[in-house]
Amino acid sequence: QTKPLASVLKDVCDAWSLPNAERYALQYADGRQTYITESNRGEIKNGSILRLTTSPDQEAERLYSGIQSNNSDVKTDSLKKLASLSQDVTFAQEFINRNGLKQIFYIVEEGNEVLGSAGSLPAGEMLAHALKAFMELMEHDFVSWETLSAAFIKKIVSYVNMNAVDASVQQLSLSILENMVPASRLLFELVKKEVTLDRLLTHLQVTNAQLQLKAMALLIALLLAATDAERRDIMDYLREKNIRQFIHKNIIHSSEPLGDEMAHYLYVLQSISLNLCERRMRTSMDPYSQEQRELLQSLRQTAFESESEAPASNFSTERRRSLCAKEFRKLGFMNNSNPAEDLRRAPPGLLALDNMVYFSRHTPNAYSRFVLENSSREDKHECPFARSSIQLTLILCEILHVGEPCSETAQAFYPMFFGQDHFFEELFCICIQLVNKTWKEMRATQEDFDKVLQVVREQITRTLSLKPTSLELFKTRVNALNYSEILKLRQTERLHQEETLAVPVLELRKRLKPELLELVRQQRLLHLCEGTLFRKISSRRRQDKLWYCRLSPNHKVLHYGDVEEGVHSPPIESLPEKIPVADMKMLLVGKECPHTKEKSSGKQNKDVLELAFSIVYDMEEYCLNFIAPTRYEFCLWTDGLNVLLGKEMTSERTQTDLDVLLSMELKLRLLDLENISIPDTPPPIPKPPSNLNFCYDF
């Protein structure tokens with residue numbers, strides 16, 4: 001490691017009596033066959049196998065002339081080799097310095113003329129290799145996306161828009177466009193203009209899951225790069241074209257299981273759709289707006305029109321105003337003479353008014369029943385419709401994270417969201433009727449308003465956590481979870497706490513703890529031995545590059561390496577890289593990790609911070625950086641690595657797992673003491689006997 005690389009190469013070449021040592025280079029023999037350079041030589045581990053090969057500049061020169069060859073076999077082979085070598089940063093630089101990208105542009109732009117028809121197999125294969133090589137070369141960020149020629153972009157777009165094109169070419173073209181969109185405003189506008197949404201929708205309906213995924217990725221990239229107004233227009237158009245039904249039928253309910261990446265895109269789409277409500281949510285009611293006043297009056301008229309229709313015209317203005325105030329009070333507004341005041345609080349702002357109007361127009365019978373049933377009660381138990389609606393809208397916005405930025409890694413979408421038009425409003429209609437039902441079950445008065453809505457929030461969150469697949473199912477389940485059920489659940493949780501707080505029980509708990517903590521440790525190490533699939537997230541986009549990491553069965557070595565999409569549990573032998581556990585120095589999490597410091601600090605990256613951790617190893621303190629797929633994986637991995645480092649397990653998951661195990665063990669131990677009250681102090685020890693002569697003679 002101390003010699004310069006050139007002299008090491010010279011020694012190797014001399015040993016094999018090879019002339020011109022400068023024409024050779026060393027590269028890893030397995031895994032990603034990276035070239036060894038002065039900058040990365042420090043990463044070579046003991047036991048790594050290296051091989052002597054032609055130097056990157058020679059290889060770049062050879063392939064540069066190979067892709068210009070007139071012989072199609074030579075050309076295809078050169079492009080294929082180029083696609084795999086371009087992942088290496090040293091080679092990529094050499095190839096780009098020789099103006100190699102220009103040659104790839106020529107192959108792609110001339111496309112059909114150079115290759116024959118793009119539909120024929122050899123031509124399609126050649127084109128796929130050219131596009132793959134282009135993708136890999138651009139990945140290194142030596143060349144800006146903005147330098148691409150219009151002709152090249154148009155050609156890529158044409159491969160997406162044509163029907164008779166090889167599927168792999170279409171996938172790569174969609175990927176290239178997806179990378180292009182966030183690069184600059186100009187490219188975003190160009191792609192948006194050239195690739196029609198209809199075309200992307202056509203790709204979403206195909207059976208090829210990879211093509212679906214790439215089309216969805218491009219659609220999401222366009223939505224994320226758009227301005228608010230553009231995003232609203234795109235979403236309106238997609239709604240017109242029934243994208244929801246496509247997704248519900250072709251993706252969520254397809255025969256293939258849903259991949260992590262598609263789940264993430266569906267989460268982003270759901271998040272963007274719900275965030276369209278944000279503008280109304282943050283806008284207070286304007287009492288001088290004619291349109292908003294009419295909406296308010298329509299609520300009153302729908303509920304009471306039959307009563308007030310006839311005599312209203314004969315009344316003086318004063319009398320009519322007092323009648324309106326009375327009716328607004330019956331509707332449950334706090335400020336009945338000027339109900340607009342109730343809607344001045346934002347959030348929920350005008351969104352609450354929209355929801356009330358939607359409920360009154362789409363389910364008029366339920367609306368009239370709610371209002372009339374409560375306005376005719378004289379016993380102080382009436383449920384205020386307007387006040388409940390305003391508070392409920394706020395609760396739904398909080399539960400569904402309306403107005404919050406999309407997370408970069410989350411995958412938690414609700415399947416029922418894609419099963420229903422006007423999801424937010426329909427959910428409100430179910431939940432406002434739930435408020436009335438719970439109010440009656442609790443026999444609540446106005447003073448209990450906050451308590452009732454607390455129970456309703458609990459009913460909604462508990463039901464949503466069951467991931468119902470349709471709103472109908474949600475309605476059935478949330479109505480089944482009535483107030484008495486909630487009370488039972490709360491009672492069980494409270495009893496469980498009280499039972500476990502008696503002094504003797506606490507003592508028993510203390511004795512059991514070390515044994516169960518050891519059990520948790522074993523489970524964490526077993527999880528590390530099974531291994532986990534991690535994603536590489538670059539500063540530019542959520543990449544589809546995956547790598548796998550697992551612990552050896554003897555807990556001595558961490559093995560890791562890149563894997564392809566769809567590989568679930570690669571054997572240890574297929575993971576080329578390794579770190580001996582003995583070399584691990586410490587574990588970094590969150591903001592301390594080197595890969596989170598590089599990223600820009602924004603709300604977007606808050607979730608990445610929560611999932612990031614790094615292992616510092618070796619004397620030179622190299623880092624292996626992770627971004628966990630979920631918070632659960634993050635907890636298991638950080639705990640497992642802490643166990644290997646001989647430290648305490650610190651994640652929140654340790655505490656919950658330990659609590660679950662302790663409570664189960666305690667319940668088992670206390671089974672015989674059912675209905676017996678356990679005293680706080682042990683019974684007194686009796687005095688010793690006066691003499692000990694009570695031996696028995698046989």
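1. Helices here are DSSP runs of H or I with at least four residues, numbered from the N terminus.

2. How accessible are these two side chains? Lys440 is partly exposed, with a relative accessible area of 40%, and Glu373 is partly exposed as well, at 28%. For reading such labels, buried means under 20% relative accessible area, exposed means over 50%, and partly exposed lies in between (1.4 Å probe, protein chains only).

3. Before going on, please keep in mind that this is a predicted model, in which local features need pLDDT of at least 70 and side-chain atom pairs count only at pLDDT 80 or more, while totals for chains, interfaces and linings use all residues. Residues are numbered from 1 along each chain as its sequence is written, and side-chain values use heavy atoms, leaving out hydrogens and water.

4. Next, have a look at Arg524 and Asp657, which form a salt bridge at 3.0 Å from N to O. This pair links distant parts of the chain, with Arg524 in helix H25 (residues 503-530) and Asp657 in helix H29 (residues 652-669), 133 residues apart. Which other residues join them? Salt bridges with shared partners connect Arg524, Asp639, Arg653 and Asp657 into one network.

5. Are Arg524 and Asp657 buried or exposed? Arg524 is buried, its relative accessible area being 0%, and Asp657 also counts as buried, at 18%.

6. Another salt bridge joins Arg282 to Glu278, with the closest N and O atoms 2.9 Å apart. Arg282 is partly exposed at 46% relative accessibility, and Glu278 is partly exposed at 25%. By the salt-bridge rule, the count comes to 30.

7. Finally, a word on confidence. The protein averages a pLDDT (the predictor's confidence in each residue, from 0 to 100) of 83, and 92% of the residues score at least 70. Over residues 113-121 the pLDDT is below 50, and this stretch has 16 contacts in the model beyond near neighbours in sequence, where contact means heavy atoms within 4.5 Å. Residues 308-312 also stay under 50, with four contacts beyond four places in sequence.

How values were computed: Salt bridge = Lys/Arg side-chain N within 4 Å of Asp/Glu carboxyl O. Helix = DSSP H or I, 4+ residues; strand = E, 2+ residues; numbered from the N terminus.
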